[in-house]
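Have a look at the picture first, then read on.

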Amino acid sequence: LVQMGRCHEKLGSEEAQRAYRRVVQEYPDQTDMATEARVRLTALEAAATRSTAAGVVIREVAYGGRPAPDARQVVYTDWTTSDITIRDIRAGKLRRVTTTGTQVNPIQYGMDAVFSPDGEYVAFEWHHPNAKSYFDLRVAPADGSEPPRVVYDTTGFYVMGPSWSWDGKHIAIARYPASTLFRTITDDSRTDLLWVSVDDGSAQVLSTYALSGYRGLSHSPDDRFIVHEVYIKADSVQSDIYVTATDGGGSWPIVEHPASDRL
């Protein structure tokens with residue numbers, strides 16, 4: 001029963017208190033076990049009281065992660081290994097989506113991982129060495145049953161911010177030439193908004209903007225539109241909110257203001 005209580009504690013289950021309570025009530029003659037159960041039970045009851053009084057309790061589960069649709073897992077970059085990693089929030093267990101990350105030359109790492117709407121897959125950017133900065137868009141099963149596959153190869157470009165369509169068939173990403181600097185205007189500076197097929201990797205350029213760099217992408221519930229941020233002035237954080245049609249019908253601003261508008 002004590003061992004069961006310990007396990008249920010790690011799972012965050014109220015069954016832990018029931019197990020400890022049985023030990024205290026039914027086996028008081030087993031002094032060591034009864035004492036441990038009583039100490040753990042007191043601690044759990046005190047924590048429950050604090051939690052009720054606080055209303056909302058916050059605890060850190062990952063740095064920069066995004067939750068799965070069922071909120072039981074979070075996917076993030078574990079910078080101790082530079083790999084894309086999934087953490088089971090309740091059990092605290094880790095599962096590596098990638099296994100080739102490294103922080104020494106040649107540097108390889110994943111970023112901006114996000115679950116598919118059904119929680120079955122993870123999309124992310126992967127950086128690995130080349131003559132220029134090199135990212136590609138990859139997708140992997142969340143359960144680790146298959147290795148990641150390259151969905152879209154973007155040699156010579158930065159790619160940022162994958163956003164799944166709600167039907168799970170497309171991923172929107174922003175790209176800009178690796179030869180340009182963030183939020184600058186040069187002869188080859190630009191940002192393209194791409195809609196990439198998860199099935200065959202074919203990509204459609206939905207809209208193009210003058211400055212390099214982007215923040216934020218999100219699909220509408222019916223997948224007809226993508227809302228995103230666009231940098232407006234060179235060497236400035238000023239940005240506006242735009243909508244782009246996924247059928248190729250164009251792009252237009254919905255929030256225009258001198259401030260740095262955030263999605």
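## Overall shape

The radius of gyration used here is taken over C-alpha atoms, and the rule for a globule is 2.2 Å times the number of residues to the power 0.38. By that rule, a compact globule of 263 residues would come out near 18 Å, but this protein has 24 Å. Keep in mind that you're looking at a predicted model.

How far does the C-alpha trace span along its principal axes? It covers about 80 × 40 × 35 Å. As for secondary structure, you can find three helices and 16 strands in the protein.

## Surface and charges

Of the 263 residues, 41% count as buried. The protein exposes about 14500 Å², and carbon and sulfur atoms supply 52% of that area.

Now for the charges: there are 27 positive and 35 negative side chains. The centres of these two sets sit 6 Å apart.

The largest nonpolar core is made of 15 residues. Which of them have the most contacts inside it? They are Leu137, Trp164, Ile171, Ile173 and Val196. At least two residues come from each of these strands: strand 5 (109-115), strand 7 (135-141), strand 8 (149-154), strand 9 (157-164), strand 10 and strand 11. Strand 7 gives the most, with three residues. Apart from this core lies another one, of 12 residues, among them Val75, Ile86, Val122 and Phe124.

Leaving out residues up to four places away in sequence, Ile171 touches a list of partners including Ala123, Leu137, Val139, Pro162 and Trp164. Leu194, Trp195, Val196 and Val198 are also among the residues that Ile171 touches.

## Two loop residues

Let's finish with a pair of loop residues. Ser179 belongs to the loop between strand 10 (170-177) and strand 11 (191-197). Why does Ser179 count as partly exposed? Because its relative accessible area is 47%, and partly exposed covers the range between under 20% (buried) and over 50% (exposed). Ser179 and Glu15 are 164 residues apart along the chain, and their C-alpha atoms are separated by 57 Å.

Thr81 is in the loop between strand 2 (73-78) and strand 3 (83-88). Thr81 is partly exposed too, because its relative accessibility is 24%. Setting aside neighbours within four places in sequence, Thr81 is in contact with Arg96, Gly101 and Thr102.

Notes. Residues numbered from 1 in each chain as written. Predicted model: local features only at pLDDT ≥ 70, side-chain atom pairs only at ≥ 80, totals over all residues. Heavy atoms only, no water. Helix = DSSP H or I, 4+ residues; strand = E, 2+ residues; numbered from the N terminus. Buried < 20%, exposed > 50% of the residue type's maximum accessible area, 1.4 Å probe, protein only. Areas by Shrake-Rupley, 256 points an atom, 1.4 Å probe, with all protein chains shown as cover. Lys, Arg positive; Asp, Glu negative; His and termini not counted. Charge placed at Lys NZ, Arg CZ, Asp CG, Glu CD. Core = buried A, V, L, I, M, F, W, Y, C linked by side-chain atoms within 4.5 Å. Contact = heavy atoms within 4.5 Å.
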